[in-house]
Amino acid sequence: MPLDPHELLYRKLAEITDRVSLALKEADPDELMLLAEKQDTVVRELRQAGFCTDSSLLVRVLALSRQISDVIMEIQQCRHEVSTRIKQISDGRKLIHAYVT
């Protein structure tokens, strides 16, 4: 039995989300960029597919939504850590500059 186009697209999106989480842990910016492009493509395809009337997909969609929210939180945490580190480096340079001059 062939898969519903919506189900296939949600599976692709779930796979991409798993790979994003892994790429975040590995700090692989090239992979993250590639996955962002793939995710945009799948989301566009979902929009083109239209509204899904299959209520059995609801559980999967909700789980995927939670998974995506978790990845977004991971990205926000990484961004915060990088921002903090950049600020620390900047502050350190200012201290060195003040000491040297």
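1. Leu46 is in contact (heavy atoms within 4.5 Å) with His6, Leu9, Tyr10 and Leu13, once its neighbours within four places in sequence are left aside. This is a predicted model, in which local features need pLDDT of at least 70 and side-chain atom pairs count only at pLDDT 80 or more, while totals for chains, interfaces and linings use all residues. Residues are numbered from 1 along each chain as its sequence is written, and side-chain values use heavy atoms, with hydrogens and water left out.

2. Leu46 also belongs to the largest nonpolar core, which has 14 residues. A nonpolar core is here a set of buried Ala, Val, Leu, Ile, Met, Phe, Trp, Tyr and Cys residues joined through side-chain atoms within 4.5 Å. Buried denotes under 20% relative accessible area, exposed over 50%, and partly exposed the range in between (1.4 Å probe, protein chains only). The residues with the most contacts inside this core are Tyr10, Leu13, Ile16, Val20, Leu35, Val42 and Leu46. Two or more residues come from each of the elements H1, helix H2 (29-49) and helix H3 (57-100). H1 gives the most, with seven residues. Helices are DSSP runs (H or I, at least four residues), as strands are (E, at least two), numbered from the N terminus. As general background, nonpolar side chains in soluble globular proteins tend to be buried together.

3. Which residues does Thr17 touch, beyond those up to four places away in sequence? The partners of Thr17 are Leu64, Gln67, Ile68 and Val71. Thr17 itself is found in helix H1 (residues 5-26). With a relative accessible area of 4%, Thr17 is classed as buried.

4. By the rule applied here, the count of salt bridges comes to four. A salt bridge is a side-chain nitrogen of Lys or Arg within 4 Å of a carboxyl oxygen of Asp or Glu. In general, side chains of opposite charge can pair when their charged atoms come close. Three of these pairs are taken up in the points below.

5. Glu7 and Arg11 meet through their side chains in a salt bridge, at 3.1 Å from N to O. Both residues lie in helix H1, four residues apart, which is about one turn of the helix. What are the relative accessible areas of the two partners? Glu7 is buried, at 15%, and Arg11 is partly exposed, at 39%.

6. Between Arg19 and Glu31 there is a salt bridge at 2.9 Å, N to O. This pair links distant parts of the chain, with Arg19 in helix H1 and Glu31 in helix H2, 12 residues apart. Arg19 counts as partly exposed because its relative accessibility is 28%. Glu31, at 23%, likewise counts as partly exposed.

7. Glu74 forms a salt bridge with Lys25, the closest N and O atoms being 4.0 Å apart. Here too the pair links distant parts of the chain: Glu74 in helix H3 and Lys25 in helix H1, 49 residues apart. Glu74 counts as partly exposed at 25% relative accessibility, whereas Lys25 is exposed, with a relative accessible area of 63%.

8. Lys25 is one of the residues that Glu74 touches, along with Ser21 and Leu24, not counting residues up to four places away in sequence. How far apart in space are Glu74 and Val20? The C-alpha to C-alpha distance is 9.9 Å, for a separation of 54 residues in sequence.
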